[in-house]
Amino acid sequence: MIARALYRSGLVLAIVLTLAACGESAPRASGALSTPHAVKLKTYPELVVGFAQIGAESEWRTANTRSIQTTADQLGIELDLSDAQQQQANQINAIRSFIAQGVDVIGVSPVVETGWDEVFAEVKQAGIPLILLDRSANVPAELYSVRIGSDFVEEGRRACGELARLLDGQGSIVVLEGTQGSAPMLGRGAGFQECLQTYPGLHVLASQSGDFIRARGKEEMAALLQTHGNSIDGVFAQNDDMALGAIEAIEEYGLRPGIDIKIVSIDAVRAAFEAMIAGKLNATIECNPLLGPLFFATALNLANDLPVEKWIKPDEGVYRQDTAAQELPNRLY
Ligand code: GYE
């Protein structure tokens, strides 16, 4: 899907560039000083992009930031990257400063889903295209140009399917949720719940928020073990980092993660593959953070008024212990 979208956007751009080139080299009527129909398209090195990143809460996020930075460097794009340290107010300030600078395109990964209407309307008013990268926002569709990111509801369904398989449809599950009110927390939770309806033998004992952070996942898992002890059969961690923290808590409690308690998480970062190879994590649902190339290809199309799809989704898989060792060398994040 990524390849297709890139190919398509590249193709559209190539066609338009060719037309523009033809326009410029077409013979001019005598006396004419310019070619009124030639289209002057922006190229990557002319682009100025502002991106309001969330922070550095997880390995996923670090890989995402790296992908955006290295792609901008490779393409010669001027990138203003801001780190909001998990604060929505900082993201809003960053967006306002991008408007003041007059950047060509603004990108943001909204830390939570709500509270964006006003600032997004300001972006629209300024005539700057807005890309939601990774997380979505709960706003009317006309307030942004495109969202590039995963189907979080589907990821939740897949996580439930994996746990149901591992537990033979019977057992008690605890959930480690990501940042409250964020699109992946809400979407993954909804997909998981929806799929649970088809497994009457599975039920959720408790849910706690670990904010997508490893240390918090460990803390919350330790507390859950204190309360529910040996009655926990499975853990659904809404990202790998929290699952890795939970693994430590389970070991400290004296149980075997991956055996006594089955664990499924989301992201598919390298450390998750290492944990699967060690037999401590049972499965991970892929969520691709390497969105830099797609982000800038889309930004260029928007800056040139070319059409883009409203929701661009990366292709993603599910990984289990049996193929983890074989897959690890291929992992790029
Ligand atoms: O799963 C988690 C990160 O928004 C999809 O945010 C992203 C999530 C990712 O902190 O690890």
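Mentor: Aspartate 104 is buried, with a relative accessible area of 18%; buried means under 20% relative accessible area, exposed over 50%, and partly exposed in between, with a 1.4 Å probe and protein chains only. The model is predicted, so local features need pLDDT of at least 70 and side-chain atom pairs count only at pLDDT 80 or more, while totals for chains, interfaces and linings use all residues. Residues are numbered from 1 along each chain as its sequence is written, and side-chain values use heavy atoms, with hydrogens and water left out.

The side chain of aspartate 104 forms a salt bridge with that of lysine 42, at 3.2 Å from N to O. Here a salt bridge is a side-chain nitrogen of Lys or Arg within 4 Å of a carboxyl oxygen of Asp or Glu. Aspartate 104 sits in the loop between helix H3 (88–101) and strand E3 (105–108), and lysine 42 in the loop between helix H1 (2–25) and strand E1 (48–53), so the pair ties together parts that are 62 residues apart in sequence. Helices (H or I, at least four residues) and strands (E, at least two) are DSSP runs, numbered from the N terminus. Lysine 42 is partly exposed, at 28% relative accessibility.

Another salt bridge joins lysine 40 and glutamate 46, at 3.4 Å from N to O. Lysine 40 is exposed at 63%, and glutamate 46 is partly exposed at 37%.

Glutamate 57 and arginine 61 also pair, at 2.9 Å from N to O. Glutamate 57 is buried at 10%, and arginine 61 is buried at 2%. Through shared partners, salt bridges link Glu57, Arg61, Asp134 and Arg135 into one network. The count of salt bridges comes to 24.
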